[in-house]
Amino acid sequence: GFDWSDSGGVRAKIEEELGELDAAIDTQTQDHVEDEYGDLLFAMVNLARHIGVDAEAALARANGKFERRFRDMEQAIGRSGGELSEMSLDSLEAEWQASKGRVG
């Protein structure tokens, strides 16, 4: 019975944990940062459970999507004769957005 009644409570907890993580980052104490990051992940997994999502499967799916988009972006930059390492962050972001449109 130690659970939120709906996903709204979990979302509030996520916001709380984000604030605690920000405060921990400000302290620059790695153990504290890791503890708070772990708390945030735990809250996110709870949200997944409340909304009927398999958190592990969702993360694997997101990783696969990132990899497909990144490969597409690399290929597009290569076709235009560019080098990823020489591009500005703004140019990379534009390529990323274009890749999202092509790959989904």
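Helices here are DSSP runs of H or I, at least four residues long, while strands are E runs of at least two, and numbering starts at the N terminus.

Ground rules, quickly. This is a predicted model, where local features need pLDDT of at least 70 and side-chain atom pairs count only at pLDDT 80 or more, but totals for chains, interfaces and linings use all residues. Residues are numbered from 1 along each chain as its sequence is written, and side-chain values use heavy atoms, with hydrogens and water left out.

Next, overall dimensions. Along the principal axes, the C-alpha atoms fill a box of roughly 60 × 35 × 20 Å. Of the 104 residues, 19% are buried. Buried means under 20% relative accessible area, exposed means over 50%, and partly exposed lies in between, with a 1.4 Å probe and protein chains only.

Now the core. Which residues form the largest nonpolar core? It has 8: Val-10, Ile-14, Leu-21, Ala-24, Val-33, Leu-40, Ala-43 and Leu-47. Helices α1 (7–27) and α2 (30–50) are the elements that give two or more residues to it. By definition, such a core is a set of buried Ala, Val, Leu, Ile, Met, Phe, Trp, Tyr and Cys residues joined through side-chain atoms within 4.5 Å. Take Val-33. Leaving aside neighbours within four places in sequence, Val-33 is in contact with Leu-21, Ala-24 and Ile-25. Contact means heavy atoms within 4.5 Å. Of the contacts with a separation of 6 or more, 52% join residues 24 or more positions apart.

Between α1 and α2 there is a loop, and Gln-28 is found in it. Gln-28 is not a glycine, yet it has a positive phi of about 60°. Is Gln-28 buried or exposed? Exposed, at 70% relative accessibility.

On to Arg-71. It is in helix α3, residues 55–79. Arg-71 is partly exposed, with a relative accessible area of 46%. Arg-71 and Asp-90 are 19 residues apart in sequence, and 18 Å apart in space, C-alpha to C-alpha.
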